[in-house]
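Please consult the sequence and the model while reading.

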Amino acid sequence: MVLMVMMLMVTMPAVQAQTPQPKDTTEVVGDTLAADSAMAMIDADLSASDDESLADGSLHKQLKKKFIEGSAGFMSLVALALVLGLAFCIERIVYLTLSEVNTKKLLADVDARLEKDDIEGAKDLCRNTRGPVASICYQALLHIREKIDDIDRQLTNYGTVQISNMEKGCSWIRLFIAVAPSLGFLGTVIGMVMSFDQIESAGNISPTIVAKGMKVALITTIFGIVVAIILQFFYSYILSKIDRLTTQMEEGAITLMDGISKYKARNNG
């Protein structure tokens with residue numbers, strides 16, 4: 001009995017500690033206000049995301065609207081210049097990229113075959129390698145029985161042909177770079193003439209009429225200048241690749257002529 005009474009006395013405080021105590025009214029109101037403020041912040045975030053999505057959609061609509069406002073005829077011509085110019089740029093970049101090879105390794109392999117007097121093997125190596133450097137080496141090996149001066153002259157002439165092949169299509173890119181802003185300026189001038197016609201029809205110089213006409217006229221100029229900048233960037237990159245390949249061709253020709261001179265010295269010309 002004593003043990004049971006002691007156990008009851010120990011368990012009673014634990015039960016009282018676990019019994020939830022009623023909250024004060026002030027605490028309940030504070031929790032409710034905190035929950036309401038959290039919901040308000042969530043709603044604000046959702047509305048902000050909705051506004052951003054609407055802004056994205058309106059950006060596309062604004063671009064379309066500006067394209068139409070800038071006289072769809074002239075804007076279409078400028079867009080066509082952009083598409084055709086990019087087509088020529090991509091074609092040149094692909095061609096020049098495929099023309100690049102490991103020049104040092106190619107010349108080392110050709111020189112190793114020349115030291116073994118394996119002219120046909122060197123020809124096959126150059127024939128099966130793409131790029132202008134390999135073509136220059138192949139032309140030199142075709143005329144290896146001739147004099148050094150004649151071989152040098154052949155390499156100079158053939159190098160000019162290879163440079164012309166690398167620059168093929170660049171004239172069209174330059175044309176589109178010049179045409180795009182010119183079409184934009186033409187659209188601007190025509191837009192200004194149309195603006196003056198509207199002023200003449202209205203009978204007074206209204207700032208609204210003048211501002212609207214000038215805005216529409218300048219859109220074509222902006223678009224033409226942007227197209228010219230884009231094409232100029234690609235054109236400069238193409239010229240850098242052509243210069244690098246031309247330098248490799250010159251170095252390859254010099255190295256190969258040294259190898260041919262040694263070959264002729266070993267075989268008494």
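A disulfide is a pair of cysteine sulfur atoms within 2.5 Å. This is a predicted model, in which local features need pLDDT of at least 70, side-chain atom pairs count only at pLDDT 80 or more, and totals for chains, interfaces and linings use all residues. Residues are numbered from 1 along each chain as its sequence is written, and side-chain values use heavy atoms, with hydrogens and water left out.

Q: How many disulfides does the structure hold?
A: Cys-89 is in no disulfide, and the nearest cysteine sulfur is that of Cys-170. The sulfur of Cys-170 is too far from that of Cys-89 for a bond, because 8.3 Å separates them. The number of disulfides in the structure is 0.

Q: Is Cys-170 buried or exposed?
A: Buried means under 20% relative accessible area, exposed over 50%, and partly exposed in between (1.4 Å probe, protein chains only). The relative accessibility of Cys-170 is 2%, so Cys-170 counts as buried.

Q: In which helix does Gly-121 lie?
A: Helices (H or I, at least four residues) are DSSP runs, numbered from the N terminus. Gly-121 is buried, with a relative accessible area of 14%. The C-alpha atom of Gly-121 is separated by 8.3 Å from that of Val-110, 11 residues apart along the chain. The helix that holds Gly-121 spans residues 119-127 and is α5.

Q: What is the relative accessibility of Met-214?
A: Met-214 belongs to helix α9, residues 207-266. Met-214 counts as partly exposed, because its relative accessibility is 32%.

Terms used: Helix = DSSP H or I, 4+ residues; strand = E, 2+ residues; numbered from the N terminus.
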